Amino acid sequence: MAGHKTHFAAGVATAALLAGTTSIVGGIPHAQQPLLLACGMAAGLAPDLDSDTSKPLAILKSIVGVLVVGAVVADSVRRGLPMPEIAARSGLAMGLIALMFVIFTRLTVHRGIMHSVPFVALWALLTMQITYSLGRNLTLAAGLVALMAGLSHLLLDELWAIDFQSGLIPRLKSTFGTAFKFWSSSFVATTACYAGLAALLWMHFYRS
Ligand SMILES: [Zn+2]
(Lines give C-alpha, C1' and ligand atoms only; values in the text may rest on other atoms or scores of the structure.)
Protein backbone atom coordinates (compact mmCIF):
# COMPACT_ATOMS: atom_id res chain seq x y z
CA MET A 1 0.00 0.00 0.00
CA ALA A 2 1.35 3.42 -0.94
CA GLY A 3 1.80 5.61 2.15
CA HIS A 4 -0.21 8.74 2.84
CA LYS A 5 2.82 10.92 1.99
CA THR A 6 2.95 9.35 -1.49
CA HIS A 7 -0.81 9.85 -1.96
CA PHE A 8 -0.52 13.41 -0.68
CA ALA A 9 2.33 14.15 -3.12
CA ALA A 10 0.47 12.50 -6.02
CA GLY A 11 -2.71 14.45 -5.21
CA VAL A 12 -0.80 17.75 -5.09
CA ALA A 13 1.14 16.95 -8.30
CA THR A 14 -2.07 15.99 -10.16
CA ALA A 15 -3.85 19.09 -8.89
CA ALA A 16 -0.91 21.39 -9.73
CA LEU A 17 -0.69 19.99 -13.26
CA LEU A 18 -4.44 20.31 -13.85
CA ALA A 19 -4.66 23.70 -12.11
CA GLY A 20 -2.00 25.03 -14.47
CA THR A 21 -3.71 23.50 -17.50
CA THR A 22 -7.20 24.70 -16.56
CA SER A 23 -5.92 28.20 -15.85
CA ILE A 24 -4.67 28.35 -19.44
CA VAL A 25 -7.59 26.50 -21.12
CA GLY A 26 -10.47 27.47 -18.84
CA GLY A 27 -9.34 30.90 -17.70
CA ILE A 28 -9.21 29.97 -13.99
CA PRO A 29 -7.59 32.95 -12.18
CA HIS A 30 -4.37 32.32 -10.22
CA ALA A 31 -6.16 33.40 -7.00
CA GLN A 32 -8.51 30.38 -7.29
CA GLN A 33 -5.77 27.81 -7.92
CA PRO A 34 -5.07 27.11 -4.20
CA LEU A 35 -8.66 25.89 -3.99
CA LEU A 36 -7.97 23.41 -6.81
CA LEU A 37 -4.86 22.23 -4.96
CA ALA A 38 -6.93 21.70 -1.81
CA CYS A 39 -9.51 19.70 -3.83
CA GLY A 40 -6.69 17.54 -5.24
CA MET A 41 -5.14 16.94 -1.81
CA ALA A 42 -8.49 15.95 -0.28
CA ALA A 43 -9.43 13.64 -3.16
CA GLY A 44 -5.94 12.08 -3.18
CA LEU A 45 -6.29 11.08 0.47
CA ALA A 46 -10.06 10.37 0.65
CA PRO A 47 -10.02 6.61 -0.17
CA ASP A 48 -7.85 5.92 2.92
CA LEU A 49 -10.57 7.31 5.21
CA ASP A 50 -11.71 3.67 5.25
CA SER A 51 -8.62 2.69 7.27
CA ASP A 52 -9.29 3.06 11.02
CA THR A 53 -5.63 3.86 11.72
CA SER A 54 -4.92 6.11 8.73
CA LYS A 55 -3.52 9.65 8.96
CA PRO A 56 -6.32 11.09 6.70
CA LEU A 57 -8.98 9.79 9.14
CA ALA A 58 -7.08 11.24 12.15
CA ILE A 59 -6.81 14.59 10.33
CA LEU A 60 -10.53 14.54 9.47
CA LYS A 61 -11.43 13.81 13.13
CA SER A 62 -9.32 16.76 14.27
CA ILE A 63 -10.81 19.13 11.68
CA VAL A 64 -14.41 18.11 12.46
CA GLY A 65 -13.74 18.33 16.21
CA VAL A 66 -12.21 21.81 16.06
CA LEU A 67 -14.91 23.16 13.72
CA VAL A 68 -17.92 21.71 15.58
CA VAL A 69 -16.72 22.41 19.13
CA GLY A 70 -15.55 25.88 18.04
CA ALA A 71 -19.00 26.59 16.61
CA VAL A 72 -20.72 25.32 19.80
CA VAL A 73 -18.50 27.48 22.05
CA ALA A 74 -18.95 30.56 19.83
CA ASP A 75 -22.74 30.08 19.80
CA SER A 76 -22.82 29.57 23.59
CA VAL A 77 -20.76 32.71 24.23
CA ARG A 78 -22.98 34.72 21.86
CA ARG A 79 -26.03 33.59 23.86
CA GLY A 80 -24.31 34.58 27.12
CA LEU A 81 -24.54 31.07 28.64
CA PRO A 82 -22.71 30.36 31.95
CA MET A 83 -19.37 28.51 31.84
CA PRO A 84 -20.66 25.17 33.22
CA GLU A 85 -23.31 25.07 30.48
CA ILE A 86 -20.74 25.94 27.79
CA ALA A 87 -18.54 23.10 29.09
CA ALA A 88 -21.51 20.68 29.10
CA ARG A 89 -22.54 21.61 25.54
CA SER A 90 -18.92 21.26 24.32
CA GLY A 91 -18.61 17.88 26.03
CA LEU A 92 -21.84 16.70 24.45
CA ALA A 93 -20.63 17.85 21.00
CA MET A 94 -17.34 15.98 21.48
CA GLY A 95 -19.21 12.86 22.59
CA LEU A 96 -21.50 12.97 19.53
CA ILE A 97 -18.51 13.45 17.19
CA ALA A 98 -16.72 10.49 18.80
CA LEU A 99 -19.88 8.36 18.43
CA MET A 100 -20.26 9.42 14.79
CA PHE A 101 -16.69 8.31 14.02
CA VAL A 102 -17.15 5.04 15.90
CA ILE A 103 -20.19 4.30 13.68
CA PHE A 104 -18.22 5.39 10.59
CA THR A 105 -15.29 3.09 11.38
CA ARG A 106 -17.69 0.21 12.12
CA LEU A 107 -19.45 0.72 8.76
CA THR A 108 -16.30 1.07 6.64
CA VAL A 109 -13.87 -1.68 5.69
CA HIS A 110 -10.33 -0.98 4.47
CA ARG A 111 -10.12 -1.55 0.71
CA GLY A 112 -13.93 -1.73 0.60
CA ILE A 113 -16.12 0.49 -1.58
CA MET A 114 -14.12 3.64 -0.70
CA HIS A 115 -11.26 2.19 -2.72
CA SER A 116 -13.21 2.05 -5.99
CA VAL A 117 -13.78 4.02 -9.18
CA PRO A 118 -17.46 4.82 -8.39
CA PHE A 119 -16.47 6.25 -4.96
CA VAL A 120 -13.80 8.46 -6.61
CA ALA A 121 -16.46 9.65 -9.10
CA LEU A 122 -18.89 10.29 -6.21
CA TRP A 123 -16.23 12.33 -4.36
CA ALA A 124 -15.55 14.35 -7.56
CA LEU A 125 -19.28 15.10 -7.97
CA LEU A 126 -19.49 16.07 -4.28
CA THR A 127 -16.57 18.45 -4.85
CA MET A 128 -18.49 19.95 -7.78
CA GLN A 129 -21.58 20.42 -5.59
CA ILE A 130 -19.52 22.20 -2.89
CA THR A 131 -17.80 24.52 -5.40
CA TYR A 132 -20.96 25.05 -7.49
CA SER A 133 -21.52 28.65 -6.39
CA LEU A 134 -17.99 29.64 -7.46
CA GLY A 135 -18.70 29.53 -11.18
CA ARG A 136 -19.03 26.92 -13.92
CA ASN A 137 -15.36 26.81 -15.00
CA LEU A 138 -14.03 26.47 -11.46
CA THR A 139 -16.65 23.81 -10.64
CA LEU A 140 -15.65 21.74 -13.68
CA ALA A 141 -11.93 22.17 -12.94
CA ALA A 142 -12.43 21.20 -9.26
CA GLY A 143 -14.39 18.08 -10.30
CA LEU A 144 -11.72 17.09 -12.82
CA VAL A 145 -8.89 17.64 -10.31
CA ALA A 146 -10.73 15.57 -7.66
CA LEU A 147 -11.43 12.78 -10.16
CA MET A 148 -7.83 12.55 -11.39
CA ALA A 149 -6.32 12.82 -7.88
CA GLY A 150 -8.67 10.08 -6.62
CA LEU A 151 -7.82 7.81 -9.57
CA SER A 152 -4.10 8.42 -8.96
CA HIS A 153 -4.62 7.09 -5.39
CA LEU A 154 -6.22 3.87 -6.69
CA LEU A 155 -3.55 3.35 -9.36
CA LEU A 156 -0.71 3.95 -6.86
CA ASP A 157 -2.21 1.38 -4.49
CA GLU A 158 -2.28 -1.14 -7.36
CA LEU A 159 1.30 -0.34 -8.38
CA TRP A 160 2.44 -0.78 -4.76
CA ALA A 161 0.84 -4.23 -4.84
CA ILE A 162 3.42 -5.43 -7.39
CA ASP A 163 6.68 -6.78 -6.00
CA PHE A 164 9.76 -7.31 -8.12
CA GLN A 165 11.64 -10.43 -7.01
CA SER A 166 15.39 -10.11 -7.61
CA GLY A 167 14.53 -6.68 -8.95
CA LEU A 168 13.12 -8.17 -12.16
CA ILE A 169 10.39 -10.80 -11.79
CA PRO A 170 7.00 -9.25 -10.93
CA ARG A 171 4.97 -10.89 -8.15
CA LEU A 172 1.45 -9.78 -7.29
CA LYS A 173 0.68 -9.21 -3.60
CA SER A 174 -2.66 -10.32 -2.15
CA THR A 175 -3.82 -6.67 -2.18
CA PHE A 176 -3.55 -6.45 -5.98
CA GLY A 177 -6.96 -5.70 -7.50
CA THR A 178 -8.50 -4.37 -4.28
CA ALA A 179 -8.08 -0.64 -5.10
CA PHE A 180 -8.89 0.01 -8.76
CA LYS A 181 -12.24 -1.77 -8.86
CA PHE A 182 -15.87 -1.02 -9.70
CA TRP A 183 -17.62 -2.77 -6.80
CA SER A 184 -16.87 -4.19 -3.36
CA SER A 185 -17.78 -7.52 -1.79
CA SER A 186 -20.61 -5.74 0.06
CA PHE A 187 -23.76 -5.53 -2.06
CA VAL A 188 -25.25 -2.88 0.27
CA ALA A 189 -22.13 -0.64 0.14
CA THR A 190 -21.86 -0.98 -3.64
CA THR A 191 -25.57 -0.22 -4.17
CA ALA A 192 -25.40 2.78 -1.78
CA CYS A 193 -22.34 4.15 -3.63
CA TYR A 194 -23.96 3.86 -7.08
CA ALA A 195 -27.24 5.32 -5.71
CA GLY A 196 -25.31 8.31 -4.29
CA LEU A 197 -23.49 8.69 -7.60
CA ALA A 198 -26.79 8.66 -9.54
CA ALA A 199 -28.35 11.19 -7.12
CA LEU A 200 -25.39 13.58 -7.41
CA LEU A 201 -25.34 13.22 -11.22
CA TRP A 202 -29.06 14.01 -11.33
CA MET A 203 -28.56 17.03 -9.00
CA HIS A 204 -25.69 18.32 -11.10
CA PHE A 205 -27.54 18.13 -14.42
CA TYR A 206 -30.77 19.40 -12.83
CA ARG A 207 -28.96 22.51 -11.54
CA SER A 208 -26.98 23.10 -14.78
ZN1 LIG B 1 -5.36 3.54 -0.40
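Predicted model: local features only at pLDDT ≥ 70, side-chain atom pairs only at ≥ 80, totals over all residues.
Biologist: Which residues of helix 5 meet helix 7?
Modeller: Contact here means C-beta atoms within 7 Å. On the helix 7 side the partners are Cys 193, Tyr 194, Gly 196, Leu 197, Leu 200, Leu 201, Met 203 and His 204. Facing them from helix 5 are Pro 118, Phe 119, Ala 121, Leu 122, Leu 125, Leu 126, Met 128 and Gln 129.

Biologist: How many nonpolar residues does the contact of helix 5 with helix 7 have?
Modeller: Let's sort that contact by class. Charged residues are absent, and 3 residues are polar. The nonpolar residues number 13.

Biologist: At what angle do helix 5 and helix 7 pack?
Modeller: Helix 5 covers residues 117–130 and helix 7 covers residues 187–207. Their axes lie 9 Å apart, and the crossing is left-handed. The packing angle is about 30 degrees.

Biologist: How far apart are the end C-alpha atoms of residues 182–203?
Modeller: UniProt, in an unreviewed entry, lists this span as a "transmembrane region". In the model, the span is 77% helix and 0% strand. Its end C-alpha atoms are 22 Å apart.

Biologist: What distance separates the centres of domain 1 and domain 2?
Modeller: Domain 1 takes in 4–50 + 111–207, and domain 2 takes in 53–107. In their contact, 4 residues of domain 1 touch 5 residues of domain 2. Taken over C-alpha atoms, the centres are separated by 28 Å.

Technical notes. Residues numbered from 1 in each chain as written. UniProt positions renumbered as here; feature names shortened; annotations may be inferred. Helix = DSSP H or I, 4+ residues; strand = E, 2+ residues; numbered from the N terminus. Axes fitted to C-alpha atoms, helices over the stretch in contact; angles between N-to-C directions. Left-handed = near helix turned anticlockwise from the far one by under 90°. Contact = placed C-beta atoms within 7 Å. Nonpolar A, V, L, I, M, F, W, Y, C, P; charged D, E, K, R; others polar. Domains from an automatic or database assignment.
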